[in-house]
Amino acid sequence: MASKLVDTLTPSYLNEFTCIGSACEDTCCSGWRVNIDQETYKKYKKVKSYDMRSRFEKNITRNRTNPTKDNVAKMKMEKGSCSFLSKEGWCDIQSNLGEDYLCNTCAVYPRRTNIVNNSIEQSLTVSCPEAARLVLLNQGGIDFEEGPKKISIKEFSSIINTSKGTITHWKDFINEYRYMTILILQSSNYTLEERLLVLGLLYNELEECVKNNRLNDIPEILGQYLKSVEDQTFKGAFKNVSNRLDIQLQLCRELVILRLNQGITSSRYLECSKEMMLGLKIEASTTNEELQDIYKDAYSQYYVPFMEQHEYMLENYLVNYVFKNCMPIDCDLPFTSYTRMVLHYSLIKLHLVGMAKHYEGLTSDLVIKLVQSLSKTFEHNPSYFEKIMGLIKENNIMNLTYMSILIKN
C-alpha cells in the first residue's frame, strides 16, 4: 500500500500500532466473512505460481448474486478460518506474494478510515487484541493529532461531506457533536456513569431539535452543555435517577442469549460469556431476585474496586467508539446513535461484573479480552444490532428513561 501526504485527524495511539502476527492471542483470519475486491481478484487470476493459482481457484468463490467492486468474491472458510491461514498463524498470501496481494478487507484491518469534509480520519477497531491494548491501556486518555501526515489508504469506511455555509441538515454539525461528546466522556470530574447520563440529556435535546426542525437552536444547546459540564453543574444531579436493576439485567440477558443463538465462532468470547454466566449463575433455575442479589454483590465487591482505579479503560473504549463511528451521524437520528453506544456499554459492563464474580476480581488483561472478543462478536455483526434496534423501537423503549436505567447502578 503506497503512502501519501494528506490532511489527517488521528488518535495518537495509531503511530504505535503494528501487527504482532503469530504472537496474537486471536486471529483476524477467522470469525467473519472475507470479501475480495475487484482489483485484488484480477491480481489473483494473473498469479504465475501454479501452487498459489490452484489454491485461489479452489478457495475463492465468486459473488454472483449482488457483486460490487468491493465484493466480487469471498474466501472459503475452513472451520471458521480463512483457507490461507497457516498453522503458524501467518497469511500464506502475504508470505508467498507480498502485502500488495492482500484484499482490501485484510490490508485495511484493524484500521478504520473515514473522509470527513476532505480530511482523512483513521483509527483502530478494538476487535484486534493489539489495537485493544493501545486503545484501552492509555491512562492519560486518548488524544488526537491533526495535520498533514503520510498515511496508507486503500479503502474508506465512509465519506462524509457537510454544509460549509447555510445549515440544511442536523448532521452538518458533525464536528461540534463529536467535540462535545468526547469532551463529556473525558470529563474526569464526573464518574463515567454520570458522563453517560449527561450525554443522554444532551442527545435527548438534540433529538427534539431535529424532530421539530429547530436546527438553529443546536449551537446554543451545545454551548450551554459545554458551560454546564465545565461548571460541574451536573455533579450529583442524577442521585434520584431510577435504579431498575431487574430491567437492566433482563434486557442484557436477552441480548446475550439472542446473539448466542445466532452462532458464534469466537472461542475467546465464548470463554468470557461462560465465565460471566457462571459468575452470575445465569441459568434457568435462577430467579430474577437471586440474580439481582448476585449481581449487586459482584458489582460492589469486585467490579467497583477495580474500576475506581481503571475507569479510563472504558472511557477510552467509548471515546474510540465515538470517533471511529463518526457518532452521532452514523444513525438517522441522534438518540438512535446514543442508544447503540449505551447498548454496547451495557453489554460490556454486564460481562465484566459476571467475570469479576467468577474470578473474584478483575485484571486489565481480562477487560481487554472481553472488550476485544465482544467487539468482534457484536460490533462486526450489523444484522444483529439492526435486529436489536428494531426490537427496542417496537417496544417503545428507545427513550431517555430506559437508557438511564441501563446505565445507572
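Which residue in strand 8 is the bridge partner of Arg 112? In this predicted model, local features need pLDDT of at least 70 and side-chain atom pairs count only at pLDDT 80 or more, while totals for chains, interfaces and linings use all residues. Residues are numbered from 1 along each chain as its sequence is written, and side-chain values use heavy atoms, with hydrogens and water left out.

The partner of Arg 112 is Ser 123. Six bridges hold the antiparallel pairing of strand 7 (residues 111–116) with strand 8 (residues 119–124); strands are DSSP runs of E with at least two residues, numbered from the N terminus, and two of them pair if DSSP finds at least two bridges between them. Two residues separate the strands of this hairpin, where Asn 117 takes a positive phi near 50°. Strand 7 also runs parallel to strand 10 (residues 158–160), joined by three bridges, with Ile 115 opposite Ile 159.

Val 116 also belongs to strand 7. Leaving aside residues up to four places away in sequence, Val 116 touches Glu 121, Ile 160, Asn 175, Arg 178 and Cys 326, contact meaning heavy atoms within 4.5 Å. Between Val 116 and Ile 174, 58 residues apart in sequence, the C-alpha to C-alpha distance is 8.9 Å.

Methods: Helix = DSSP H or I, 4+ residues; strand = E, 2+ residues; numbered from the N terminus.
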